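Subject: Structure handover and notes

Dear colleague,

I am passing on the structure we spoke about, together with my notes on what was found in it. Please keep the sequence and the model open beside this message while you read.

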Amino acid sequence: MSFRLRNAIPSDLPFITSIYRDSVLNGTASYEIIPPNEEEMTGRFQAIRDKGYPYIAAEDEDGAFLGYAYASAFRTRPAYRWMVEDSIYLAPAARGRGIGKALLATLVETCQTLGFRQMIAVIGGAHPASVALHRATGFTETGLLKGTGYKHGRWLDTMLMQKSLGEGAQTDPDPSVYPGTLFSE
């Protein structure tokens, strides 16, 4: 399957909402139970983009929307501003075709270029395919939180994985440039 990656745009929101809806209803990547509507997804999209975080879309050669990935704040306390959390969602027909790996690799590269120092994956259900995807992209397991969510009639674990970006924690960051400017101290 041939595909290309590009920045997500507001006209992608019906597709983003649909893919996320499927993930909420049928998967464990999100611990939401009721899928948000397009208006809510629009607000989330805009909040992420307003902070300067990347939001990437994948589409096939005919322009059909295949999936998306974005980075956002792991936590909103100022000391966390150097770390982002990744999120990746694919249309069911797009899974297992290398699209997720391409989205994640591009997201990692973009976040590193922006100056972020760490990326964390919070993998709902400790889903083996998502764990494998992150491992293949250089993430390491940093923790397993047992029984953290109850969905689809069962208790789910949450896997935490992490990847250093750029100089990681080896040097001090510059608070005068993005992402240092995300929060005022």
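This is a predicted model: local features need pLDDT of at least 70, side-chain atom pairs count only at pLDDT 80 or more; totals for chains, interfaces and linings use all residues.

Residues are numbered from 1 along each chain as its sequence is written, and side-chain values use heavy atoms, with hydrogens and water left out.

The sheet and its helices

Helices (H or I, at least four residues) and strands (E, at least two) are DSSP runs numbered from the N terminus. Seven strands make up an open sheet of mixed pairing, in the order E1-E2-E3-E4-E5-E7-E6, where two strands pair if DSSP finds at least two bridges between them. E1 and E6 are the edge strands, each pairing on one side only, and the twist from one strand to the next averages 25°. E6 and E7 run antiparallel and are joined by eight bridges; Thr 140, for instance, has Gln 162 in E7 as its bridge partner.

H1 lies across E2, E3, E4 and E6 and runs at about 80° to E3, whereas H2 lies across E2 and E3, at about 55° to E3. For these angles, axes are lines fitted to C-alpha atoms, for helices over the stretch in contact, and the angles run from 0 to 180 degrees between N-to-C directions; contact means heavy atoms within 4.5 Å.

Salt bridges

Side chains of opposite charge can pair when their charged atoms come close. The structure holds eight salt bridges, a salt bridge being a side-chain nitrogen of Lys or Arg within 4 Å of a carboxyl oxygen of Asp or Glu. Arg 6 takes part in one with Asp 12 (2.8 Å, N to O) and in another with Glu 59 (3.1 Å, N to O). Arg 6 lies in strand E1 (residues 3-7) and Glu 59 in strand E2 (residues 55-60), so this pair ties together parts that are 53 residues apart in sequence. On the accessibility scale, buried means under 20% relative accessible area, exposed over 50%, and partly exposed in between (1.4 Å probe, protein chains only). By that scale Asp 12 is buried at 3%, Glu 59 is buried at 9%, and Arg 6 is buried at 18%.

Arg 44 forms a salt bridge with Glu 32, with the closest N and O atoms 2.8 Å apart. Arg 44 belongs to helix H2 (residues 38-50) and Glu 32 to the loop between helix H1 (13-26) and H2, so the pair ties together parts that are twelve residues apart in sequence. Arg 44 is partly exposed at 30% relative accessibility, and Glu 32 is partly exposed at 24%. Salt bridges that share partners also join Arg 4, Arg 6, Asp 12 and Glu 59 into one network.

Backbone details

A cis peptide bond, with omega about 5°, joins Tyr 178 and Pro 179, and Pro 179 is found in the segment after strand E7 (154-164). Which residues does Gly 115 contact, leaving aside its neighbours within four places in sequence? They are Trp 82, Tyr 178 and Pro 179. Gly 115 itself sits in the loop between helix H3 (99-114) and E5 and is partly exposed, with a relative accessible area of 23%.

Two residues other than glycine have a positive phi to look at. Ala 126, with phi near 45°, is in the loop between strand E5 (118-124) and helix H4 (128-136). His 152, with phi near 55°, is in the loop between strand E6 (140-151) and E7, and is partly exposed at 39%.

On a 1 Å grid over the protein atoms alone, a pocket is an open set of points where a 1.4 Å probe fits, with protein on both sides within 12 Å along at least five of seven lines, and lining residues have an atom within 4 Å of a point. About 1100 Å³ of space lies in the largest pocket, and of the 42 residues that line it, the closest to its centre are Ala 29, Ile 88, Tyr 89, Leu 90 and Ser 130. The largest share of the lining, six residues, comes from E4.

With best wishes

Conventions: Grid points are joined across faces, edges and corners, and a volume is the space filled by probe spheres set on the points.
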